Amino acid sequence: MSELRWNPQLGEWVITATDRQARTFLPPPDFCPLCPTRPGAAPGDIERAVFEIVVFENRFPALRRDPPEPAVQGSALTPARPAAGVCEVVVYTPEHDATLASASLGRIEHLIAVWAHRTLELGARPEVAYVYPFENRGEAVGVTLHHPHGQIYAYPYLPPVAELELANGREHQARTGSCLWCDLGQQERDDGRRVVLTTERWQAVVPFFARWPYEVHLTPQRHLGWLHELDRAEVAELAYAFRSLLRAYDALFGMPLPYVMALHQRPTDGGPNETYHLHFEFYPPNRSATKLKYLAGSEVGAGAFINDTLPEETAEHLRSFLADQ
Amino acid sequence: MRRSRTPEDDPFRDLVAERVELEDGRHLLYFSWPPLPGSEHEEGTTTPEVTTLPTGELDV
């Protein structure tokens with residue numbers, strides 16, 4: 001069963017997707033469904049032994065191209081609607097034990113191209129309002145398959161974070177005449193303490209308002225809405241900045257650091273979204289090598305984040321590992 | 001936003017996507033730059049449809 005249920009308290013849709021309970025959970029490497037199918041092994045979705053990057057529709061999708069009607073009867077107060085949309089899996093490499101931090105810059109550039117391709121194709125679908133590429137890395141953030149991969153959700157509505165960022169960007173533009181993210185970037189460059197790395201065209205910072213200890217936002221300095229608008233130099237520098245950040249993350253505590261990576265682009269709903277500025281957000285849950293930040297009473301019940309660290313200090317900590325690269 | 005750069009400055013111009021349909025109807029895309037040697041598609045349920053980056057139809 002899969003459907004959207006409206007929460008009138010928070011003004012948001014909740015996706016119910018009970019089929020996902022049956023999805024593959026931490027299989028041994030010999031049974032990895034994201035590895036190329038090997039002779040004599042159980043057939044997976046990827047038939048080729050050699051490939052660069054593969055994208056396929058999730059076998060256990062939360063959103064579907066042809067969704068069934070809701071199994072539950074909604075009401076005027078709490079409507080239900082079909083869970084239309086697309087959920088895709090992006091397999092970064094055929095190598096089960098590879099990491100993006102050790103990937104060539106060329107492969108990361110290719111991954112950027114794949115994200116751009118999928119955003120254009122999925123965003124052109126009439127039922128899709130927002131295309132969201134993301135990655136969950138590590139069991140600490142709920143990964144069920146260790147093979148290097150990410151996901152793309154194409155939602156039929158603006159998810160709450162996108163909607164809130166878009167509204168705040170519009171409000172800032174109306175009040176000041178400038179882009180919220182351009183102004184944030186300029187403020188961070190002027191201050192310098194929270195900057196993790198800069199290139200001519202990109203900058204990575206632990207934001208002034210970071211919710212997580214090692215949260216980083218990676219933002220192009222040019223005002224852009226989607227990846228497909230990047231030029232060659234911007235793609236090359238993004239690949240470099242992306243890999244440098246991941247290497248610093250893995251060096252931070254001497255282990256592959258879990259994280260959630262979120263790519264925020266403009267909605268594809270046809271609305272007045274010109275004020276929105278493309279950026280990546282990284283959320284590692286660790287506050288030390290052995291301690292995780294949990295979402296607890298204040299965060300879950302009140303939506304009020306408490307960060308136990310200072311962004312100025314965690315940015316400096318991350319910078320110290322960039323210097324070793 | 002339509003893509004309007006020159007081909008020389010297009011970082012995505014060499015991307016090739018081969019689309020196949022899996023037995024249960026799901027779509028799968030193999031991406032390559034250019035197609036990898038020795039990666040000829042094996043007998044599948046459909047003939048792969050080869051495309052490049054969509055031309056960009058996000059008129060928003």
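## Inside a predicted two-chain model

Colleague: How many of the 19 residues of H1(A) are buried?
Modeller: Buried means under 20% relative accessible area, exposed over 50%, and partly exposed in between (1.4 Å probe, protein chains only). H1(A) is largely enclosed by the rest of the structure, because the buried residues among its 19 number 14.

Colleague: Before we go on, what kind of model is this?
Modeller: Residues are numbered from 1 along each chain as its sequence is written, while chains are lettered from A and ligands numbered from 1 in the order in which they are written. Side-chain values use heavy atoms, leaving out hydrogens and water, local features need pLDDT of at least 70, side-chain atom pairs count only at pLDDT 80 or more, and totals for chains, interfaces and linings use all residues, the model being predicted.

Colleague: Thanks! How far does helix H1 of chain A reach from its first C-alpha to its last?
Modeller: Helices (H or I, at least four residues) and strands (E, at least two) are DSSP runs, numbered from the N terminus. The expected span of a helix is 1.5 Å times one less than its number of residues. H1 covers residues 105-123 of chain A, and its reach is close to expectation, at 27 Å.

Colleague: What radius of gyration does chain A have?
Modeller: The radius of gyration is taken over C-alpha atoms, and the globule rule is 2.2 Å times the number of residues to the power 0.38. For 325 residues, a compact globule would be near 20 Å, and chain A agrees with this, at 20 Å.

Colleague: What share of the accessible surface of chain A belongs to carbon and sulfur atoms?
Modeller: Accessible areas come from the Shrake-Rupley method with a 1.4 Å probe, and for residues only the protein chains shown count as cover. The accessible surface of chain A is about 14200 Å². The share belonging to carbon and sulfur atoms is 54%.

Colleague: Which residues of chain B does Ile53(A) touch?
Modeller: Contact means heavy atoms within 4.5 Å. Ile53(A) is found in strand E3, residues 53-57 of chain A, and counts as buried at 1% relative accessibility. Within its own chain, and not counting residues up to four places away in sequence, its partners include Val90(A), Arg107(A) and Leu111(A).

Colleague: Glu3(A) carries a charge-type side chain in my notebook, so to speak; is Glu3(A) buried or exposed?
Modeller: Glu3(A) lies in strand E1, residues 2-7 of chain A. Leaving aside neighbours within four places in sequence, its contacts include Val14(A), Thr16(A), Pro70(A) and Arg81(A). With a relative accessible area of 3%, Glu3(A) counts as buried.

Colleague: Which residues does Pro68(A) touch?
Modeller: Pro68(A) is found in the loop between E3 and strand E4 (80-82) of chain A. Its relative accessible area is 39%, so Pro68(A) is partly exposed. Not counting residues up to four places away in sequence, it touches Ser2(A) and Pro82(A).

Colleague: On to the rings: how are the rings of Trp6(A) and Trp13(A) arranged?
Modeller: Rings of Phe, Tyr and Trp (its six-membered ring) pair if their centres lie within 6.5 Å; planes under 30 degrees apart count as stacked, over 60 as edge-to-face and the rest as tilted. The whole structure has 19 aromatic pairs over all chains. For Trp6(A) and Trp13(A), the centres are 5.0 Å apart and the planes at 65°, so the pair is edge-to-face.

Colleague: Which residue has its charged end over the ring of Trp13(A)?
Modeller: A charge sits over a ring if NZ of Lys or CZ of Arg is within 6 Å of the ring centre and within 35 degrees of the ring normal. Trp13(A) counts as buried, at 17% relative accessibility. The charged end over its ring, 4.9 Å from the centre, belongs to Arg81(A).
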